[in-house]
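Subject: Structure for you to look at

Hello,

Here is the structure I said I would pass on. Please open it before you read the notes below.

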Amino acid sequence: MRSQRKIRHEYSVSALADLSLDVRSRILITLLFIISIVTTAPYQLLMFLIYAGLISWGAALARISLVTVFGRALIVLPFSLVVALGVPFFTGGETVVFFGLELSIAGLWTLAGVVMKSFLSASTLVLLITVTPINLLMQGLRGLGVPVLLIDLLNLTYRYLFVMLEEAMTLRQAAIARGYRPKWLPQAVIVGRLAGTLFLRSFYRAENIYAAMRLRGYKQVMPSDALPKYEWTSIMMVVLFVFMLISIRLYLGCLK
Amino acid sequence: MHIPDGFISGSINTASAVIAVSAISYALWKLKKETYDQPHKVPLLATTAAFVFAAQMLNFPIGGGTSGHFLGAVTAAALMGPWAALIIMTLVLIIQALFFADGGITALGTNILNMGIVGGLGGCMLMRGIRAVLPVGKLGYLTSVALASWASVILASALCAVELAASQTSPLQIALPAMVATHAVIGIGEALIACAVVTAVIAAHSVILYDCPVTVSTHHSHSHDLKRTGIVIGAGMVLALTLAVLISPFASSYPDGLEKVAEDKGFIEQAASEEQVSWQHSLFPDYAVGAVEHEGISTGLAGFVGTGLVFVAGFILIKLVQRRSSVRSEA
């Protein structure tokens with residue numbers, strides 16, 4: 001049993017087989033990369049291509065298909081479009097006529113920038129999450145100074161998230177089976193009753209969880225593996241990555 | 001309302017991240033003390049966060065074929081208290097951003113500010129403020145939950161629109177009315193769900209509510225209550241005035257429903273010519289203080305004074321009602 005667990009653990013850690021980069025460096029690099037994406041001006045299209053290239057390179061190193069990385073990131077597009085689609089119609093300045101619609105050029109650039117930035121940032125995050133198991137990610141965040149209580153709560157929430165989601169879907173399924181076909185707003189009360197039941201179930205579950213935690217010797221803090229020492233080579237990887245990003249942006253004149 | 005990466009400018013994200021981190025640190029410090037005495041609250045916080053997450057997946061219709069979803073900030077505050085609500089919303093937002101690409105990493109601070117601090121802490125403050133002036137009991141409690149839920153959704157969406165406009169992502173004249181109008185409707189659903197959840201909890205065990213109306217009515221200490229009411233009214237007043245001053249200059253350039261209709265139908269000129277005298281001599285013609293030159297500042301000032309007047313009027317009204325009800329209860 002113990003050996004089985006260890007093998008699985010090692011397997012998941014070495015998902016980024018060729019690099020096996022320290023999780024703290026992974027988090028820092030992801031964060032800095034996203035900050036770089038967000039601070040790039042919309043009309044610097046070459047820079048956005050380079051970002052997409054770097055993400056693809058990371059996915060190739062981790063042996064993950066690009067469809068997974070970019071496909072999962074598509075989820076951000078509906079929000080981006082809903083919020084920003086109106087912008088080209090209402091921003092002033094020079095306009096361009098497109099299929100009989102008068103669109104502001106500045107507004108179109110804002111729209112394009114927002115869509116590219118949110119999509120690439122989400123892809124970067126998907127890459128990190130796909131190659132890093134959750135427990136390792138939480139250890140890394142803890143190593144970077146996130147308070148232990150918050151980490152424990154995050155771990156517990158993530159653990160029971162899918163349980164509660166399944167309960168919620170079961171409740172909704174049952175309501176539909178009883179003929180719930182919502183059409184107008186006051187029917188939100190029915191959703192509210194489902195949610196009330198859901199909360200009571202989560203409350204009773206918390207009591208059981210606490211009993212189980214206490215039986216296993218819970219004392220204020222959840223037990224967790226100690227992180228390995230933060231090697232200077234891993235820190236150097238972050239420095240090198242930042243150096244690379246800055247030099248590319250300087251070379252292309254993309255650093256404001 | 002979950003803002004992705006790339007929508008908000010760096011300075012706004014940094015500022016809101018600083019606010020979010022300090023508020024979360026304080027909340028964690030408070031919860032650490034609380035969970036030291038009551039360690040069973042640790043899994044309860046986590047399952048409540050999981051509950052809020054799951055409940056956000058239950059869509060409700062808002063008409064026109066579209067649907068809204070639950071936010072849960074005020075519900076969490078009613079169930080677990082304000083600081084726990086902030087942490088619960090933070091947990092939900094972090095997990096949504098990290099694992100579901102719902103809301104950006106660089107915009108996390110801004111999202112926590114909108115939904116956790118303004119939605120959760122601000123919503124809880126509103127809930128207590130409203131409850132302080134309503135009769136003690138289940139009905140008053142539910143009313144406060146409903147009103148605060150509705151207002152919290154609107155406040156969070158208005159702040160979201162202001163942030164988007166300040167980042168020059170979408171113009172305020174469009175973003176603010178659109179966001180507030182949509183969320184004024186979604187807020188009704190939020191209020192209905194919040195009330196249903198709280199009712200279910202009261203029916204099962206009212207003890208698990210953070211401050212349940214049953215204990216409030218049995219241990220009624222008048223002086224303590226008065227002091228608390230004072231604090232809450234002061235805080236509510238500050239919040240309302242801030243909103244009036246900060247938001248009214250932006251909002252006022254957009255005609256309100258009646259003015260819009262009046263303009264379209266052409267009866268605004270007619271009304272103006274007939275009532276010119278009284279119109280000019282009203283206290284705030286078109287909500288601006290005439291003596292001040294700058295339009296934005298003038299409108300803000302009018303908002304400030306107007307809110308103050310409404311507050312005073314409301315206060316007098318409530319005092320009258322309270323006196324009458326206390327006379328009745330003595331008799």
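How many helices and strands are there in chain B? Chain B has 13 helices and 2 strands; helices (H or I, at least four residues) and strands (E, at least two) are DSSP runs, numbered from the N terminus.

Some ground rules come next. This is a predicted model, in which local features need pLDDT of at least 70 and side-chain atom pairs count only at pLDDT 80 or more, while totals for chains, interfaces and linings use all residues. Residues are numbered from 1 along each chain as its sequence is written, chains are lettered from A and ligands numbered from 1 in the order in which they are written, and side-chain values use heavy atoms, with hydrogens and water left out.

Chain B by itself

Chain B has 331 residues, and 48% of them count as buried. Buried means under 20% relative accessible area, exposed over 50%, and partly exposed in between (1.4 Å probe, protein chains only). Taking contacts (heavy atoms within 4.5 Å) between residues of chain B at least 6 apart in sequence, 72% join residues at least 24 apart.

Chain B against chain A

On chain B, 63 residues are in contact with 63 residues of chain A. About 5600 Å² is buried between the two chains, and carbon and sulfur atoms give 86% of that. Buried area here is the accessible area (1.4 Å probe) that two parts lose on being put together, summed over both. In chain B, the residues that lose the most area to chain A are B:L58, B:P61 and B:F99, together 11% of what that side buries.

The count of salt bridges between chain B and chain A is 0, where a salt bridge is a side-chain nitrogen of Lys or Arg within 4 Å of a carboxyl oxygen of Asp or Glu. Helix α2(B) gives the largest share of the side of chain B that touches chain A, 13 residues. That side divides into 48 nonpolar, 13 polar and 2 charged residues. For this count, Ala, Val, Leu, Ile, Met, Phe, Trp, Tyr, Cys and Pro are nonpolar, Asp, Glu, Lys and Arg are charged, and the others, Gly among them, are polar.

A:R26 lies in helix α2 (residues 23–38) of chain A. Why does A:R26 count as buried? Because its relative accessibility is 4%. A:R26 and A:V238 are 212 residues apart in sequence, yet 8.2 Å apart in space, C-alpha to C-alpha.

In helix α8 (residues 134–143) of chain A, the buried residues are A:L136, A:L137, A:M138, A:Q139, A:G140 and A:L141. Just after α8(A), A:G145 has a positive phi of about 100°.

Regards
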